[in-house]
Structures are given as structure tokens and as C-alpha cells.
Amino acid sequence: MTTLEVHSTSPVRRFIRRAINTALVAAAVATLVYVERLSPAEQEGAQAARVPLAAFAQQPAPPRISTSWFCPGVAAGDGLSAGRVVVANPTDVDVTAAVTLLSADGQEQRQVVVPARTQTSVDVLNGRTVGVVVPIVEVIGALASVEQQTEFAAGDVTASCTTATSSSWYFADGITLDGSSMRIMIANPFPETAVVDVAFTTVDGRRRPTKLQGLLIEPRSVRSLSMPDEGAADEQRVAVEVKTTTGKIVAARAQHYLGGGRLGYSTMLGVPQPLSKWWFAGGNTGPNIVEQLVLFNPGEEDINVDAVFTGAGLSGDIATGVAVPSATTSVAVPAGEVVLVNAGNVEGLPEGVHGISVSTKDGSTFVAEHVINQRVAKSNFTAVMTGVPDQLATTTWRVPSGVTPGTPRALTFVNTTVFDTTVRVSAIGPGGEFPIPSLQSVTLPASGVTVIDMPLDATSGELIVQADQPIVVQRRLSRGRQLVGFSGVLALPQPIEVAR
Amino acid sequence: MAPVSEGASPVSQPVPSAPGSSDVPAVVAVMVLHQPEAVSGAVAPWCNTSLLALAAQDYPNLQHLVLVTGRQDTSAAGPITDAVATALPTAVVRFLGANPGFGPACNTVLDLVEGDAGFFCFVHDDVALAPDAITRLVEELYRTNAGLVGPKLVDWDEPTLLQHVGMQVDRLGERDPIVDVSEKDQEQHDAVRDVFVLPTACLLVRADLFRTIGGFESTLPLVGDDLDLCWRVHTTGARVVIVPSAVGRHRERISERLPESSGDQLPALAERERINTVLSLTSTSRLPLVIVELVIFTVAQLFIGLFASNARRSLATARALVAAPLAFGDIHRRRARVKAHRLVGDDEVHALQARGSARLSVWLRRRARTTGVAESEANKAGGVVATSQRSTVLLWIIVALGTVVGGRSLWLHGVEDIGQFVRFESGPRDLLATYSSGWWASTFGEVAAIPSGIALLAGAGVMTFGNMGLLHTLLVLLLPIIGYIGVWQFASVFGVRRARLFATSVYAAVPLPYAALASGRWSGLIVYAALPWVAHCARIIVGHRATSLSAPLDARDYFVLTSDVRRRRTFATMTLITAVTVAFEPAFIATVGIVSVVWFIVTGIHGAWKRATVWMSASLAAVMLAIVLHLPWATTYVQSGWWDKLMGAAVPGGRGAGLASLARFDVGDVPLAWLSIGLYVPVAVALIVVRGARSPWALRGALLAAVALVLAVLDDRALLPAHAAEPAVMLVPVAFGMAVACGALGASLSIDIRRARFGWRQPLGAIAGVALLIGLLPSLLATVNGRWNQTRTSLTQLLGQLPQEGDSDYRVMFLGDARVLPVAPVNLGWGVAYGVMNGPRPVTADMWEPYQSDATALAEVAARGIVRGTTARAGRLLAPLGVRFVVVPIIDNAASRRDEPVVAPRGLADALASQLDLRRRFASPDLVIYENTSWIPVRSMLATNSIEASLSGGAVSLIATDIAGATSILHTDRDEQGTASVIDAGTVHVAVPFTSSWNLTVGGEPVIARPAFGVTTAFDVPRGGTAVLEFDTSFARSVLILLQFGLWVFVFVLAVSRPRKAVVMQQ
């Protein structure tokens, strides 16, 4: 082997080489120190995709593979004449939907195809005369939406459906006086048994009947609780809490009002979680109108709730960004109790429509419902609404089952900000989405309320309401059957899309 | 002894009695004179010398018999007859007609000579005995009452060099020749003593004994006759004694006298005869144990031989062992023959044999001698402190003990199947069948090139005779020691033993391999074993010379011109190691890249840019060739997601282990791992202290360690543009760099500091030594529990709750952090990865990154749907893929332990709980198992309601229809084997990506395959009958495999071939 000297060397060169190499090592060490001082990134996991307040009725943000809509359910044994789900397809392609009907007997499934830009109703009773049926509708994608409609002698009801289940559900309002029926329908759409605890609160306080603790809800089945039969008979106020110790469920309330100054029928999903601020759009005071806010504090601490009424005659301070209402009230709600606020007693609140926000200053959470009892001629009716969480007050709302053209006072808009805005209403017709000409610049003043009539040139298809500022949209629906009054239902908020 | 019988056979003349011979026993000196047919003219000069030496013997009663291996009627016969007549006028000359071999030729004396009272002295024709040799032999034979004696043999040309003083032989027939090559005769071996074997060059044997045992074994004409004869002598209770006072010069150049082809075959022939002799002469009671030992030693030698310098002999041994059963008849005959005259028990014979392994003893002795010579030369030149060989032996004893003791429980009970230590469930035949089929059953299956690692595992399985459990244990527990040896080899660049001790100690001291053993990171272990070897090969190719001869102030590199042959061989070896490693851990390429780039820079900075480029080019070429060796499998990397396939799944946001954890190699459970930070002290000291040609190496090591650690830390924080491999792999260059730097320090301590006056360097050296000792502690502590801290409860055991036999035609999807998935993970993003396994437990194939297909795309859609909450019907999406269970592993007791858990991705449990088709079947802190209630078996008959849905694809057909209710049919554990059963009419669904390579025949009629659910494969069966489902392997696939095999063999032969050496036999 021959040894080769590859280069000559000198002290200077040697020093330079050594310096360069040592500098490289030193740079590496310095990099280590620098990197170590940086804060480590936190992994998102599946948490990042979690939709805030997912169990509240809302239009999910695309893209989605499929959307499961959980509807409140219909109690066939209570005298319903019909029950159906309405699937609205605003897209340009047909949508296949799978309708699963959960009942105490198990489940059955059917497929429907919803043609482009149309709505399709699916009967959920299917000839059934007894028992509770809870429909679940799977639609491909995210843009189709689903509502539930029931026909009842005391008034037809349209109810929102939700796209997520929850481990807790709350109902602030309820009455079982004078033969009024109150039914809690609990559906377990999952393939494993759910274990449920039910508690209710009356004027006598909160009660947790033993037989309502650890209720087993079989997989993919429904359980119905008639509150009068469960120990809450002849109660002026019945607030209900449904919580699971295992699994997630969907809980709804079917209420037939026959006494206590109320008359009518309602079916609606519960509130999946108590929050610190709620919006209501259908406030109205005047002669023969009894407007109540039902505040339920399911927590363990007493809270103070402020009710702020906004709308005509009320103002806001744009400069500070804080509404300065002229009609407010504050009320203490003890832990585990229900408190009623009668809007007619609120000082400074003018007659007419208004919006309402109820909130706590310290962030304490509670549940609120809004009840209007109105006497019309010789009859009266009751309309009950759940609130819109403050976070769901948004700029786009959808009305899946639409509104009959020519319906007066069909939509109520509440501006939740202190900035003026305009509202535009579009509809889905046979040719696709088109703007309703007369509803393209509906003025909605800061913190104001605007009620519009549905023009005759509109369609009965799905409506899309858009505003420049976050608003709350409520529909007024006829009770049908020549009955006086109306029922109300919130439109579906469509939160600002989250990139997925 | 009676004169030669006239009537026995035609001899030219009788053997006369010597005058005055009546008072001493007769000795018949038998010389076998070999004269090749082609040779004519005068006899070889050495023959004349040998004949004259025989004639000069002073023994009074000596008769001469010359046996000529040729015909009397040839031209060569005349000169021979003349030469014998001239030298030994009284000798009897007998032409044997042909060359039967030395032993059989000698056996003719049994017929030619009558009487048993005297002795036979068999002599080669290239042995020149001293005049008193036979007298000494006879005297000593009487004195020691021996049966067989032989003289001390010295070199023909240089009589001061010893050649043979007998040989020791172990129980496997391996020889220890007692004297070394070119050992000077200083009377150090001049004591008369018993030996097991004497070379046949000159033997004096009692005539009666020779006749009793039947002479030489007639089937051993060329080699092995000495072992056979001496062993059979021992079985009679007679002694075999070396008589050093009798001296003979021996020319011993058999290869020159044989045809070239015969010379080439001598090593293989010697191995075959050795093994056959052992099997023939070992007693029946001891034979089973000896056979087991033969097998173990042969396999071990083969493993070592492939990586060392004697692959040819190792292969010859293996071939001989495999071929031994073919010689059953011959062995049986020889056993019967020795049984007839066996007088002593085998225990007594065994007691005469060498303990342990003679081959190992010889190897160690020669190795030590070579090293000693090298150090001696270095010592002369540079005043190097020669570290005693005792230190080397001590190091390797400690390393071996550590390997055995640290994993004692694992050696006995096998390695737990944690992390990547998935047990090999298939034997070599099944693995080969998988490899050759072209059907990759992993994940959802795919018609694709099978990973070459499967074929390599099959080959390795053959070496353990199909014992895959043993192979599994060896392939886990032996990897660290292969790494140590690699560093030892690499550190030869320092030229002093202390440097090798330092480097090897540090490489063994870093907790990385033990942490990898504890956490089941096979990839880390493989890279740990391979990287030093590849670097060593690259170093030879670059031509770095030993640094011990440089002056202390000469801070530069020296290079040597390596021969083309050696470079080619080394490059082939480097390619082979790279290819084998890449077959199991593709990220090895990255570590080789880091080493070559860093050392390219350092070498370049030291002025040798041309040589520096060789670091890059050699590494690049080896990697490229390794990729070629992996064709067609390598083509699977040419697709999107190739980086993930290369480096493994990313952990978005980084792993977050932190600098401290990475710096102490904490990728698993090693007690007091933080103490290993002490190992960085000698690295830093090396940077300051080391001088001379060691200096570049100190810088190379330190910079490699620093850069690799920086990369690992940057990846840990997800700050690199593309993610790197897991820390167990990325930290190997750190460990190797530290070892190299410490090797340089060790060399410097031996060369520079010793000669320097006392100054600041000596205390620094002492500090480095103390730090090194402290850094050793974690590794020592890791040996305490005997399992390398491996858990006894693995995730696979917990998966035992999944339905096992009979109902296992399903798949399992793992969802969670990539670090805890027991199969190769696929990154989904957001810190979540998924992996799929077939059946209830992971298998070897699940360790490879899955191929992309429509099925994996659908699985990813479903998994993303779960993670992102974009569907509540992921179960239905997974149903046609046969996914029955979705498992979230949390604690695998490897990467994630109870005391240091890898937390499951946030919100994943909630996301899974929102799925409408997933039923929670088991939940514990270790894992959560969900069952997909919509699943259908992998091979099934679809329910009526889902047949229509199967005709279309996409979410519409999958989500809007519940396809549950299919019945399992045609179940098999191995896809490519095919399966058959009786089925009814209906739609047969196979949950594999649609392919026409799967053929179904029902009642002998083929059924056309169609896509199902837009992804999978279905067959609409019009009538029931016996259904046969099988995979059709393409012809092209078979051709490609043959080509690939040929390529591997070519590179292998290049790597193991050695320059032909003269075969030296003691003939």
C-alpha cells in the first residue's frame, strides 16, 4: 500500500481548519440551545375539529361526508295525526338520504332521494298509532337540511333537528297543570346502551326520583317519559334535566298545553348545555299578551341573570360598542330553581316586538326559554321558544322547510350588534337559489328588530337569510287547522365555515 | 516382521532384512511417491532428497518400500525406478497403477507385509527425515507405550520455522495446529506429549495396531485421513504422541501438485470429510449432542462468516452439514468398522479432545498476533502505549456477558412482541410463497411488489432451520453486538487498540440500543447495528489510513491507495449491508446521508476535497445500488407520500420529547439514563485535547454527533421542512459520532498525551475518563432485570380480547398517536395516525408502510371523518373493507408507559363516541376497543339488501345502506394460498381493492370479478357449488424475482470473494 499525503499543512491552515470545525460544532450546540428554548407546538388532535355547541340546531359547515340529523321525535300515542321529516336539498344534484326511525321496538330504515333544489317529506309514523318514533336522517354532504313537522289537533308544529348528540339535555319550561301532558323523549342512536339520570325541578325544588336514575336506554331505541306519571303531575313549572353517565343521547320534549293559562302543542329538542348568554327574537308585548322568560339554573350556585330588551324605542351606543338599552331587568335565580320573568312588568319596555338577550355578568350558565301566551278573540295560544346561544348568532341562517308565500310577519330578525345592517333573503326555487327582490335590503338597525312579511312572489322552498352583522332569525308559523295564533321556530344558523 | 510376501501381489523384489537387525524390531518405511502422469523426465528434486534422507536413517532394522502412484509402463517410471535404485538400492518398488490417494496407497502394506511384530513408518515423498528420526520415533514409542508417533515437522526451505508438532482437535473435528504460521522453532514445543492428530507426512505406527484398525480409511484419498486414522487409534486406547526429538523437513505444497480444479475444492472437501468423520467416529450416545453442536456452530459461523473474512469456508461448512445425510451409507459403514475395534469409551476419547471451539481459539490467537504485530510497529514509530490484549479480551467478555446477562430472560423465553418486535408467525416457506406470489396481504391487500425484507427473512429463517422464534430472538438481541463489532472494526482507523476500546465502550455505553430494546424499536436496533459497518466500508473506500503514525502536530488526514479489488469488494459489502438494512428500515438512508455529508464537510475543510467527495459518492452509489437491489419493491416509493413511507409517519407538531430526553437517548425505559449525559464530556474533551491525524476524526465524530442531535431536536419540534425518522433511528448517528470522537480521544491518550509533559491535557483526560465511567452506569443498570427493561405486558397481549380463531376474518384499524400504533402508521394529520392489521394480532407484514390503493383512500376518508367529525357513519364506510374493530392504543408499555404516557390525541375518544356504528367493547387506561356494528367479513356472501348497494360506489352506497349481515365464507389465514368451500348462489364479496388477479370458480366455472362499492371486489355467483378463490401470480412477477435474486447473488459473491490464496494442507 502506498501512503499518500494529500496536502501540505501549515500552522495557519491548521488553525483555520480547527477554528472552522469547532465553530461548526459550536453552531450546532447553539442551535440546540435555541431550539430548546422555543415552546413546543401543541398537537391539535381531534379536538380542533370539534364544532362549538354542536348539539344545538345549526347547519353544519361543509365539507362533510355525511350529516346525521337527529330530530326531536313524535309521540304517536298522544293524538298526533301526522309526523314527518322534511329534507331540503338546495344543491344542484340529487341527494340520497337514509331515514332511520328509532322506536322502543328498535329501528327501521328507508332510503329517499331528494331531487335537486326541492324538499321531500318522509312520513315517520308509517301508520303507527302508539309509541314514540325518533327519526334520524343521514344525508350525504353538508348542504341538505332537515326539520321535523307534526300535525296535532292543538296545532301543527315545526321543530329543528340537530346534527349532534349530547350527554346532557335541559328543559327550562314545562307544565302539567290541568291535564297538560309533558313527555320527555330520549333517543339513543348508538349501538351501545346509554345510562341516563333524569331530574326535574318544580316549585317545590329539584327532585331526583330513584326510578329515573340509571335508566337504561337500549341501543338504537327510544324511551319516553311522561312527566305526570313520573311524579310531576299538576305542576305549574317543571324543568327537566337529562344527563347520561354512559353514552350520548338526543332528548326532546312534547308538550300539550291544556291549563295554567296555556293552550297548544309544542315539540322541541332540549338545550344540550347551559350557557351564559341567550338571544330570543320573538319578543312581543301588548294587550292580551303574556310574555315570559323561563330561567332555569341547573348549577349548584345562585346566579343573577340580566334580561336586556332591544328593538324599537331602544338604542345602542355605537361609539363604545355597548348596547345601551332602555329596558332591562335583573333577576336572581337560585341554584336548582326556575324563575319566571314577565316582560310586561319590565319598566320602560314599550309595547310591540323586541329582541331579548339574557345573560349573566360573571359567566355563570343557565337555561332560558321564552313563552308567549296570547289571547286572540275567544281563544288563546301558547308559543314556546328556546334561545339562541350568543355564539350562534351569525350572518347566515337557513329556513329548510321554507315559509308559505304571503305569510305575514313570517320572519323576525334581531340585530345582536350595535351596528346597523341590512338583511337579504334568497330562496331555493326550481332554478336554484334566487334573491327575493323585495327582501334584498331589509334594514336592521343596531340592536334592532325587524319583522317582515313573506311576499307573494317568493317560493315555499328553502330560504337563506344573510346579513352583514350577526343576527338572530326566527320564523313564525301558522298553527294550521284554522287555529288562531302561531308557533315559532328558529331558523338554522350557519356558522362561519371552519376550514377542515 | 516377516519379509514381504511374494505371493501377495506382484512386487518387483522382496523387502530384504537389514543386517544385524535381529535385536531391534523391524520397521518398514513406506514412502508413497507421487508422480503426476503428465510429468516425465527426472523426478522432482525434493523426492530425491527425501529418498536420500530415508536411506540415511541410522535405524538398524529398517526395510524400505516405495509405492509409486503410477504405471510402470509410462515414461515417468524409468526415472523413478532409477532414482529409488540410486538412493535406496535395497528398497522394494511397487507401482500402484494409478493414484488411489495417500491412505489407500499405504494400505497396500496390509497385503504386502506379513506379521505384526514390527512397525510401519509412512512417509510423504516431500519429507526429509533427520538421520536419527526413525530411531527416535521407535525409542519414544517404546518409552511412552504409544501406538502412533510422529516427528516434529519443520519447513523444508527454512528449517528454523516450525510446521507441525501435532494438532489438537475439538469434538467437532476442528483443528488447532498448536504452532502458528511462521513460528520460529525455539524448542518451545520440544516436550514429548500426547496429541489428538498427527499429520500423515510421517507416521510411525505399530503394525499390529495398523492391521487391527484396518489401515487408513479408503474413502479419504486426499484430506482428512490423518484425523480419521488418529481418532480410530484413540478408540483402541492407544496413545498418539509427538516426538519432537525426531525431526523432518516437510515441503507441504499440495496445491502445486494437484490440478487447479482439485485445489479449489480442497477447503470444501476438507469440511465435508471433517463432518463425516465426526459423524462416523463419535459414539452413539454422544452423537445427538454433537449433531446439535454441529448445527449451532455451523449456523453461527455462517452468520459471522458472512460479515467477516471467511465466508467461503463458512459456506463450505454449511454445505457439508446439509449434505451429510446423503453420505449416510458411508457413515454407517465407517461406524460399524470402528465399533468392531473400539476398546475404550467415548468419554476417554473426548477427554483427549480440545475443550471449546478449536476454530475460535485459532482465530483469537491469530487475531491477537496480528494486532500485536501492528501495535508493535506503531510502537516503534510513535511510542504508542500498547494496551494489553487482556483489555480487549476483557472488553469483549464484558460485552458478551452484558448481552447474555442483560437479556437472560429474553434469551430463555423469547422477546416480547412489543412495538416493532412482532413475532414471525410464518416460516421460511410461507414467507417465500408470499414473496413470490405478488399479493401483498398487509393492510387491505394489493397486487404489488412485495418488500424484499420478506425474502430476506425467509432466507434467515432457513438458517435457523425454520425456527422463526429463535430467529426473532437472534434478530433482536444480536443487533447491538453487531453494532459494537462494527465500531470496533471502524476504530481500526486509529491504529491503536486503546482507541478501539474507547470507541466500542462508548458505543456500547449509550443507552440507545437498550432503550430501543425496551421500547420495541427494531428499526433503531437495525440502524444501530448497520451504520458503523457502512461507515467502516466507506472509510476503506475513501482510503483513510491509520492515524497512529502521524506526528502530534500534524493535524491532517492521511490516505492510502486501496487496491481496486479491495475497493470493489468493500463497496459490494457496503451495498449489501445498506440493502439489507433498507429492506427493514428505509430511513437508514437518511443516517448514511448524515454521516457522509458531515464527514464530507470535515474532510473537505481539512483540504482533501477530492477524497471528501468520495464520502458522498460512495454513500450515494451504495444507496442507489441498494435501491436497485430492491427492485421491483423500490418502485413503490415512486408515488405520493413517499417521504412518509421512507421516514415513517410524522407526528404533527413534533414529538415534544425535548433536548434533554433526546440527548440521553431516552427512547425507552433505561434507569438513570440522565447519567449518560456524561458521555458527552469525553466528546468535548476530544475536541480540545486530540491532536495529529486523530484531530480530524475527533472533529468528524463531534460534528456528526452535534449535527445529528440538532436534526433530531429540530424534528422533535417539527421545525424541519420535512419530518425525519423516529428518534431511535435519528439518534444512531449521534451515538456513532460520540464513539468516533471518543476513539480519537483514546488514540490521543495513547500517542499524544503520553509523550507530552504534564499540562492541562492530562487532567482533562482524567475528567473524560471519569465521565465515561459515569456514562456507563445506565447501560450497566439496564442489564439488571435481565429483560432490558422490556415489559411483560404488551399491547398485543391486550389485543387478545379480540375474537381469535374461527371468527377472525376481519381487520382492525388502529387510530391514535403514531408512536403507539403496533403496525406501520399512516399519518392523518392533527397528531393522529392510523394503521390496519388483518386478524387479531399484528404480523411481520404489518410493519411495512402500506401501499396506497382505493381501499386505503377509503379508509383514510373514514378515519378523517372520525377525527374531523365530518361523518357519524365512518363505520359504514369501513364496513366493506372488513374493518370490524377500531382500537385506540394508549399505553403500549413501549413508547408509551404508565409513568410516561403518550397521551391519546385530544378529542379522539369523544370523536369515536359520536360514531353511530361504533360500539365500545372494551375501555381501559391502556386501550379502547370499538366494534364496528356494520362490518362484513373480509370474504363474505353479501346480504340481499346490500347487493344492490355494492353495484355503486361512494358515500351514497355505503352510508345510505347498512350492509351488515354478510356471512363469512372462504376463510383462510393466508390470502395468497387460495381457499375453497361450498357456497350458495349470491354475491361473493372480497374486501380487497378491485383486481382481476383474484379468480373465483364455482363448480369449475369461472365467475367474472366486478368492482363492489366502487372499491372492493365482488363476484356474482349465479349457481351454488364448490367455490375456489385463488390469486393468479403473473409470469412477469416470477421473472422479476429471478432477476432480483440473481442480482443479490452477484453482489453477494462480489462482497465475499477473496483473492485466491494458496491452499496449504498438511498432506
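In chain B, Pro632(B) sits in the loop between helix H26 (609–629) and helix H27 (642–647); helices (H or I, at least four residues) and strands (E, at least two) are DSSP runs, numbered from the N terminus.

A word on the ground rules before we go on. This is a predicted model, in which local features need pLDDT of at least 70 and side-chain atom pairs count only at pLDDT 80 or more, while totals for chains, interfaces and linings use all residues. Residues are numbered from 1 along each chain as its sequence is written, chains are lettered from A and ligands numbered from 1 in the order in which they are written, and side-chain values use heavy atoms, with hydrogens and water left out.

## Backbone spots to look at

Chain A has a cis bond as well, joining Pro62(A) and Pro63(A). Pro63(A) belongs to the loop between H1 and strand S2 (66–70) of chain A. Two other residues, Asp178(A) and Glu187(B), have a positive phi without being glycine. The angles are set out here.

| Site | Feature | Angle |
|---|---|---|
| Pro62(A) to Pro63(A) | cis peptide bond | omega about -5° |
| Asp178(A) | positive phi, not glycine | phi near 50° |
| Glu187(B) | positive phi, not glycine | phi about 65° |

You will find Asp178(A) in the loop between strand S11 (168–171) and strand S12 (181–188) of chain A. Its relative accessibility is 53%, so Asp178(A) counts as exposed; here buried means under 20% relative accessible area, exposed over 50%, and partly exposed in between (1.4 Å probe, protein chains only). Glu187(B) is in the loop between strand S9 (175–176) and strand S10 (193–194) of chain B. Glu187(B) is classed as exposed because its relative accessible area is 61%.

## The two chains

Chain A has one helix and 39 strands, whereas chain B has 40 helices and 30 strands. Of the 500 residues in chain A, 58% are buried; of the 1067 in chain B, 62% are buried. Along its principal axes, chain A fills a box of roughly 115 × 55 × 55 Å, judged by C-alpha atoms.

Contact means heavy atoms within 4.5 Å. Taking contacts between residues at least 6 apart in sequence, 78% of those in chain A join residues at least 24 apart, and for chain B the share is 80%. Chain A exposes about 18,900 Å², with 52% from carbon and sulfur atoms. Chain B exposes about 38,500 Å², and carbon and sulfur atoms supply 62% of that. These accessible areas come from the Shrake-Rupley method with a 1.4 Å probe; for residues, only the protein chains shown count as cover.

The size of an interface is often given as the accessible area lost when the parts come together. Chain B and chain A bury about 5,600 Å² between them, 57% of it on carbon and sulfur atoms; buried area is the accessible area (1.4 Å probe) that two parts lose on being put together, summed over both. On the chain B side, Arg717(B), Arg906(B) and Leu916(B) lose the most area to chain A, together 13% of what that side buries. The contact involves 76 residues of chain B and 57 residues of chain A.

Four salt bridges are counted between these chains, each a side-chain nitrogen of Lys or Arg within 4 Å of a carboxyl oxygen of Asp or Glu. Asp917(B) also pairs with Arg220(A) in a salt bridge, with the closest N and O atoms 3.2 Å apart.

## Domains within chain A

Gln59(A), Arg117(A) and Glu147(A) supply 26% of the area that domain 1 of chain A buries against domain 3 of chain A, more than any other three residues. Glu147(A) also forms a salt bridge with Arg475(A), at 2.1 Å from N to O.

## A nonpolar patch

Val12(A), Phe15(A), Ile16(A), Ile20(A), Leu24(A), Val597(B), Ile601(B) and Met616(B) make a nonpolar surface patch of about 670 Å². Patches are made of residues with over 30% relative accessible area and no salt bridge, where like charges are joined within 9 Å and nonpolar side chains (Val, Leu, Ile, Met, Phe, Trp, Tyr) within 5 Å. Helix H1 (11–37) of chain A and helix H25 (588–605) of chain B each supply at least two of the patch residues, and H1(A) gives the most, with five. Ile16(A) lies in H1 of chain A and, at 45% relative accessibility, counts as partly exposed.
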